[in-house]
Amino acid sequence: MLTLGIETSCDETAAAVLRDATVLSNIVSSQVKLHEQYGGVVPELASREHLKNLMPVIGEALSAASITLKDVNLIAVTSAPGLIGALLVGVSVAKAIAYSLGIPFIGVHHGEGHILAAHLEYPDIGYPYVALLASGGHTALYHVQEFGTYSLLGQTRDDAAGEAFDKVAKLLDLPYPGGPVIDRLAQQGDARAIAFPRGQREGYDFSFSGLKTAVRNHVALFRSKDKGLDPSLNVSDVAASFQAAVVDTLVEKTVKAAKEQGVNKVIVAGGVAANRLLRQEMERSCREAGITLYLPGMGLCIDNAAMIALTGYLHYQRGERSDLDLNPRASMAL
Ligand code: KG4
Ligand code: ZN
């Protein structure tokens, strides 16, 4: 069974081909260069870029998998949540291909795709597990009892973790997206230089806005209207101290959730899972707690269509499919 996956929910145009649950190709065309100059994703530009790039990216995914469109048996596409205009491009193309070939198509929840990405790399994970989803749009902890059953344990009350990285980078005059830049800078910084607050100690919910304000207040001491950021501000120390605060919270709550739910497996998903300190600290903490950690490679952590194809394929296996009147949705709970 060949599934073509399509992902256009934000600023990555992606297509992938799976044979059953095995990845044959996984192509991602990033729009970062375009949005960088505006300091963040411009929704209208994202839609236009998807429109321009999606068919070529699909073509690339098909040829990398050594198949043609006519060989495809199922189309899986991200239909929620995300930027509505961006989602619309993927969903419209998916419908058109499915209709013209007379094959089924299925709308996929982007967050479920992120969680299930780990199964592509570790097919034998099994259930149950605790999943931390930390991306630019989401930060949430789920107790996953089995495929399709996701109990929300907690989520962010304000910014998503990735969003906090992006906003802090902006405060430091660093380019978008901030996560990878802060990750890199933090390597040369001292994580104990500034004692930023950890925020939201109780329960499984997260909060990053207090931390962001603390960074803003710290940076404000070094910023003047006419001269900008004073060079005496140690940007690497700020990056390292901020990153440590985010990572501490994410790791502590995830491990606490696994212990309290009586689950001995954890998976980490979403763009922030590419963070080096998070990977390192999560590994250490899980090892100490006797928990097995499943961390997908970077290519499966960031937005990609292989995770969407897998999610669609698994739902299809259960007899589910979408109708041609399916509409994308900007927000939707998992
Ligand atoms: O999952 P993703 O590709 O897109 C969304 O669904 O949001 O996540 C993108 C987010 C951005 O906020 C980006 O700054 C963050 O993931 N990110 C990172 C790293 N790489 C990407 N955050 C921290 N460290 C990284 N290495
Ligand atoms: Zn994502």
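A donor is an N, O or S atom within 2.8 Å of the metal. The exercises below concern a predicted model.

**Exercise 1. The zinc site**

Determine which residues coordinate the zinc ion (ligand 2), and state where the two histidines among them lie.

*Solution.* 

Step 1. The coordinating residues are His110 and His114, each through NE2, together with Asp303 through OD; the distances are 2.0 to 2.1 Å.

Step 2. Along the sequence, these donor residues follow the spacing H-x3-H-x188-D.

Step 3. Helix α4, which spans residues 110–121, holds both histidine 110 and histidine 114. Four residues separate the two, about one turn of the helix. Both histidine 110 and histidine 114 are buried.

**Exercise 2. The geometry of the site**

Classify the arrangement of the four donor atoms around the zinc ion (ligand 2).

*Solution.* 

Step 1. Recall the ideal value: four tetrahedral donors have angles of 109.5 degrees.

Step 2. The angles among the four donor atoms of the zinc ion (ligand 2) run from 93 to 143°.

Step 3. Four donors count as tetrahedral if all angles lie between 85 and 135 degrees. The site of the zinc ion (ligand 2) is irregular.

**Exercise 3. The surroundings of ligand 1**

Describe the shell of residues around ligand 1 and the polar contacts that ligand 1 makes with histidine 110, aspartate 166 and glycine 271.

*Solution.* 

Step 1. There are 19 residues around ligand 1, and those that come nearest are Gly136, Asp166, Asp183, Gly271 and Asn275. By type, the shell holds six nonpolar, 10 polar and three charged residues.

Step 2. Histidine 110, a zinc-coordinating residue, has a polar side-chain atom 3.2 Å from an oxygen atom of ligand 1. In the side chain of aspartate 166, an N or O atom is 2.7 Å from an oxygen atom of ligand 1. Glycine 271 places a polar backbone atom 3.0 Å from an oxygen atom of ligand 1.

Step 3. On its own, ligand 1 has 550 Å² of accessible area, of which the protein covers 89%. Two or more residues of the shell come from each of α4, α5 (161–171) and α6 (178–186).

Key
Residues numbered from 1 in each chain as written. Chains lettered and ligands numbered in written order. Predicted model: local features only at pLDDT ≥ 70, side-chain atom pairs only at ≥ 80, totals over all residues. Heavy atoms only, no water. Donors = N, O, S within 2.8 Å, 3.2 Å for Na, K, Ca; no water. Tetrahedral: all angles 85-135°; square planar, octahedral: opposite > 155°, others 65-115°. Buried < 20%, exposed > 50% of the residue type's maximum accessible area, 1.4 Å probe, protein only. Near = heavy atom within 4 Å. Polar contact = N/O pair within 3.5 Å; in protein donor to acceptor, adjacent residues only side chain to side chain. Areas by Shrake-Rupley, 256 points an atom, 1.4 Å probe, with all protein chains shown as cover. Nonpolar A, V, L, I, M, F, W, Y, C, P; charged D, E, K, R; others polar.
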